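Open the model in your viewer and keep the sequence panel beside it. This tour goes stop by stop, with something to select at each one.

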Amino acid sequence: MPRLNTVTVLVLLAATGLAHAASGKTSNAQERTQARAQITLERKDSEARLANNEKICYQHFAVTDCLQKVRRQYNTEERALRQRELAINAQERDEKTANQRDARANKQSDFERKHPTLDGGALNQSDLEQRQKEHDEQAAQRSSHAPKRNAESIAEQQQRREQDAARRATSQAGKVDSKQRTLQRHNEDRADSISEAQEEYDAKQEAAQRKLEAHEKRMKEQEGKRKAAPLPVPQ
């Protein structure tokens, strides 16, 4: 019969344990689900009894004493249900903790399976040292590049901020210039309108003055004709 080394034994044990654990986890999860559903039903029944008992209490003479009694009973039932819920939650937390511990153990077993062993199960020291050396070199390389990347990132951010500020300044200047041009056109149009109105007014005044002068001239001419005409000869 071939001899099994330590890693093979660990792997087999881990696989067997995982199979049993998976079956147990499914069963425990189903039991918790059923227990929570049962607690929900019992809580609804308790609440319904409380509502019904309170209605009955209002029909009694000592309403306050009756209400206190039925509510004490309800609180007792609620505390019991809450304790059951807390127990289920604690079991679930313990199971999650165990699962995490099993996952870490499984990773360790997988690591030992993938890496050869020497001296009856001792890890290959040279292989571990080589891997540690590579890890340290990679960490040092990342650390050496980090300040440069940070400096480049800061410079890029500063450049973007300056570009954004320049674009905003240009946009603002364009808006101001547009407003100034609009105001200038408005003032020019207003000045033209005033000038046209003044010219029109002056033309009307001049035309009225000419009409008045012509009227006065006609009146003078008619007056002169009347004075120059001979008087009629008396009969």
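A residue counts as buried here when its relative accessible area is under 20%; over 50% is exposed, and partly exposed lies in between. By that cut-off, 9% of the 235 residues of the protein chain are buried. Keep in mind that this is a predicted model.

**Stop 1: the whole chain**

Show the cartoon. What pattern does the protein chain follow along the sequence? Reading along, you pass α-α-β-β-α. That makes three helices and two strands.

**Stop 2: the nonpolar core**

Select Leu50, Cys57, Cys66, Leu67, Val70 and Tyr74, and show their side chains. These six residues form the largest nonpolar core. Two helices, α1 (6–57) and α2 (63–114), each supply at least two of its residues. Which helix gives the most to this core? The answer is α2, with four residues. As background, nonpolar side chains in soluble globular proteins tend to be buried together.

**Stop 3**

Now turn to charged side chains. Side chains of opposite charge can pair when their charged atoms come close. The structure holds 10 salt bridges.

Select Glu92 and Arg36. Their side chains meet in a salt bridge, at 3.1 Å from N to O. Glu92 belongs to helix α2 and Arg36 to helix α1, so this pair ties together parts that are 56 residues apart in sequence. Are these two buried or partly exposed? Glu92 is partly exposed, with a relative accessible area of 25%. Arg36 is partly exposed as well, at 31%.

Next, select Glu78 and Arg43. This pair also forms a salt bridge, with an N to O distance of 3.1 Å. Again the partners come from two helices: Glu78 lies in α2 and Arg43 in α1, so the bridge ties together parts 35 residues apart in sequence. Check the accessibility of each partner. Glu78 has 22% relative accessibility and counts as partly exposed. Arg43 has 17% and counts as buried, because the cut-off for buried is under 20%.

**Stop 4**

Move to helix α3, which spans residues 125–228. Select Glu206 and Arg210. Their side chains meet in a salt bridge of 3.1 Å, N to O. How many residues apart are Glu206 and Arg210? They are four residues apart in helix α3, which means a separation of about one helical turn. Glu206 is partly exposed, with a relative accessible area of 49%. Arg210 is partly exposed too, at 47% relative accessibility.

**Stop 5: the negative patch**

Finish with a surface view. Select Glu188, Asp189, Asp192, Glu196, Glu199 and Asp202. Together they form a negative surface patch. Pick out Asp189. Where is Asp189 found? It sits in helix α3. Its relative accessibility is 47%, so Asp189 counts as partly exposed.

Notes
Residues numbered from 1 in each chain as written. Predicted model: local features only at pLDDT ≥ 70, side-chain atom pairs only at ≥ 80, totals over all residues. Heavy atoms only, no water. Patch = residues over 30% accessible without salt bridge, like charges linked within 9 Å, V, L, I, M, F, W, Y side chains within 5 Å. Areas by Shrake-Rupley, 256 points an atom, 1.4 Å probe, with all protein chains shown as cover. Salt bridge = Lys/Arg side-chain N within 4 Å of Asp/Glu carboxyl O. Lys, Arg positive; Asp, Glu negative; His and termini not counted. Charge placed at Lys NZ, Arg CZ, Asp CG, Glu CD. Buried < 20%, exposed > 50% of the residue type's maximum accessible area, 1.4 Å probe, protein only. Core = buried A, V, L, I, M, F, W, Y, C linked by side-chain atoms within 4.5 Å.
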